[in-house]
Amino acid sequence: MSPESTGQNEHYLRVFRRGFRTWRGNRPFWAGLFTMVGGLPIAYFPYANMHLGNVTLAMSTTAGAGSLIIGILLVTLGLTMWFHHIVRVFAGVAAILLALISIPVANIGGFLIGFLFSLLGGALSISWAPGEPKPDTVDAGAEGQTSEGPGFGTKEPEPEFHGMAAGPQQPEKYDTTVEVDGGRHRAG
């Protein structure tokens with residue numbers, strides 16, 4: 001085994017990790033993950049059996065089908081947040097509403113575990129916004145100029161009145177007001 005083989009494996013792992021980091025940064029990743037994790041206990045607990053020694057406790061309720069539908073919809077909304085991030089606000093609002101509906105329907109929202117994860121995922125999805133692309137920088141070696149600040153590079157010079165909202169007012173060359181009745185007011 002040569003020392004180069006481990007370096008090649010690390011290279012592929014680095015490439016995969018960087019690609020995953022880029023993919024994760026372009027969408028509400030944590031919102032989708034929390035929403036999916038919240039949907040699993042909501043769908044699972046109504047069909048689960050707990051064994052305490054020789055006693056089997058069945059947590060089946062009459063609303064088992066409703067909780068299964070809510071859990072599957074939450075997992076679907078989490079995947080939607082990942083792969084169609086353009087509808088993230090709709091998916092976030094729907095996840096919050098389904099989490100609230102799961103409290104009376106699905107064993108107190110999957111014993112509050114699924115409820116809290118789904119609520120957090122929906123809130124993260126609503127609040128997520130895509131990042132702004134970084135501005136292109138001019139190469140530092142190109143003609144000895146950079147785009148670091150005023151006076152360097154190709155930026156335009158700053159105006160004289162930096163703190164003012166509008167530029168200086170120029171006096172008018174002639175009066176533009178319209179005088180009616182020889183300049184007298186109507187009342188006088």
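1. The surface of this predicted model carries a nonpolar patch made of Val 89, Val 93, Leu 97, Leu 100, Ile 103, Ile 108, Leu 112, Leu 116 and Ile 126. Together these residues have about 740 Å² of accessible area. Two elements, helix H4 (88-105) and helix H6 (113-127), each give two or more residues to the patch. H4 gives the most, with five residues.

2. Leu 112, one of the patch residues, sits in the loop between helix H5 (107-111) and H6. Its relative accessible area is 41%. Leu 112 therefore counts as partly exposed, because that class lies between the buried limit of under 20% and the exposed limit of over 50%.

3. The length of H4 agrees with its residue count. At 1.5 Å a residue, its 18 residues should span 26 Å, and the end C-alpha atoms are 25 Å apart.

4. Which residues of H4 are buried? They are Arg 88, Ala 91, Gly 92, Ala 94, Ala 95, Leu 98, Ala 99 and Ser 102. These residues cover an arc of only 165° around the axis, so they lie on the same side of H4. On the other side of H4, Phe 90 and Pro 104 are exposed.

5. What do the buried residues of H4 pack against? Their partners are helix H2 (29-44), helix H3 (64-83), H5 and H6.

6. After H4 comes Asn 107, which has a positive phi, near 50°.

Definitions and conventions. Residues are numbered from 1 along each chain as its sequence is written. This is a predicted model: local features need pLDDT of at least 70, side-chain atom pairs count only at pLDDT 80 or more; totals for chains, interfaces and linings use all residues. Side-chain values use heavy atoms; hydrogens and water are left out. Patches are made of residues with over 30% relative accessible area and no salt bridge: like charges are joined within 9 Å, nonpolar side chains (Val, Leu, Ile, Met, Phe, Trp, Tyr) within 5 Å. Accessible areas come from the Shrake-Rupley method with a 1.4 Å probe; for residues, only the protein chains shown count as cover. A salt bridge is a side-chain nitrogen of Lys or Arg within 4 Å of a carboxyl oxygen of Asp or Glu. Helices (H or I, at least four residues) and strands (E, at least two) are DSSP runs, numbered from the N terminus. Buried means under 20% relative accessible area, exposed over 50%, partly exposed in between (1.4 Å probe, protein chains only). The expected span of a helix is 1.5 Å times one less than its number of residues. The arc is that of the directions from the helix axis to the C-beta atoms. Contact means heavy atoms within 4.5 Å.
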